[in-house]
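Please keep the sequence and the 3D view at hand while reading.

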Amino acid sequence: MPFPYPWQPGMRITAERLRSGLLTGTVSITPTEEVPASGALGAYLRGTATVTFPAGAFSETPRLFLTGRSSVPGVLIECNYTDQSEAGFTVTIARQTSTLTVVDWLAIAA
């Protein structure tokens with residue numbers, strides 16, 4: 001069974017080795033694309049942003065976790081990602097207002 005940590009017995013544990021395979025960040029999106037009302041959901045706005053990982057950060061597509069920030073409950077409708085790869089991903093948000101929205105993300109090596 002391979003050793004589950006980025007170091008071997010006897011190696012010094014460093015902050016860089018502890019963070020290996022883990023990246024975090026934020027991206028700010030101002031939604032501008034108008035989406036017409038459909039069904040029970042009224043009209044809303046959508047926006048996207050691309051996140052690019054530093055070269056060599058991941059050798060495979062990492063697991064991604066997103067959290068959209070909103071100080072007004074019910075206004076941020078959705079926060080998701082597409083086009084994920086070892087090089088990065090695209091974040092998409094949908095909200096009822098055109099307020100700049102910060103999305104926190106976490107990428108973990110699979």
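A salt bridge is a side-chain nitrogen of Lys or Arg within 4 Å of a carboxyl oxygen of Asp or Glu; the structure holds two salt bridges. The model is predicted, so that local features need pLDDT of at least 70 and side-chain atom pairs count only at pLDDT 80 or more, whereas totals for chains, interfaces and linings use all residues. Residues are numbered from 1 along each chain as its sequence is written, and side-chain values use heavy atoms, with hydrogens and water left out.

**Overall build**

- Of the 110 residues, 25% count as buried; buried means under 20% relative accessible area, exposed over 50%, and partly exposed in between (1.4 Å probe, protein chains only).
- The accessible surface of the chain is about 7300 Å², and 53% of it belongs to carbon and sulfur atoms; such areas come from the Shrake-Rupley method with a 1.4 Å probe, and for residues only the protein chains shown count as cover.
- Among contacts (heavy atoms within 4.5 Å) with a separation of 6 or more, 64% involve residues 24 or more positions apart.

**The four-stranded sheet**

- Four strands form an open sheet in the order S2-S3-S6-S5, with antiparallel pairing; two strands pair if DSSP finds at least two bridges between them.
- Strand S2 (33-35) and strand S5 (76-85) are the edge strands, each pairing on one side only.
- On average, neighbouring strands of this sheet are turned by 25° against each other, direction ignored; axes are lines fitted to C-alpha atoms, for helices over the stretch in contact, and angles run from 0 to 180 degrees between N-to-C directions.
- S3 and S6 run antiparallel and are joined by eight bridges; Val51 has Phe89 in S6 as its bridge partner, and Thr52 has Gly88 in S6.
- Three bridges join S2 to S3, also antiparallel, and Glu34 has Leu45 in S3 as its bridge partner.
- Asp83 is placed in strand S5; its phi is near 55°, a positive value in a residue other than glycine.
- With a relative accessible area of 58%, Asp83 is exposed.

**The nonpolar core**

- A nonpolar core is a set of buried Ala, Val, Leu, Ile, Met, Phe, Trp, Tyr and Cys residues joined through side-chain atoms within 4.5 Å.
- The largest such core has 13 residues, and those with the most contacts inside it are Val51, Phe53, Phe89 and Val91.
- At least two residues of this core come from each of strand S1 (22-29), strand S3 (44-52), strand S6 (88-95) and strand S7 (101-108).
- Not counting residues up to four places away in sequence, the residues touched by Phe53 include Leu23, Phe58, Leu64, Phe89 and Trp105.

**The salt bridges**

- Glu33 is partly exposed at 41% relative accessible area, and Arg46 is partly exposed at 27%.
- Another salt bridge joins the side chains of Arg69 and Asp104 (2.7 Å, N to O).
- This pair links distant parts of the chain, 35 residues apart: Arg69 is in the loop between strand S4 (63-68) and S5, and Asp104 is in strand S7.
- Arg69 is partly exposed at 45% relative accessibility, and Asp104 is partly exposed with a relative accessible area of 24%.
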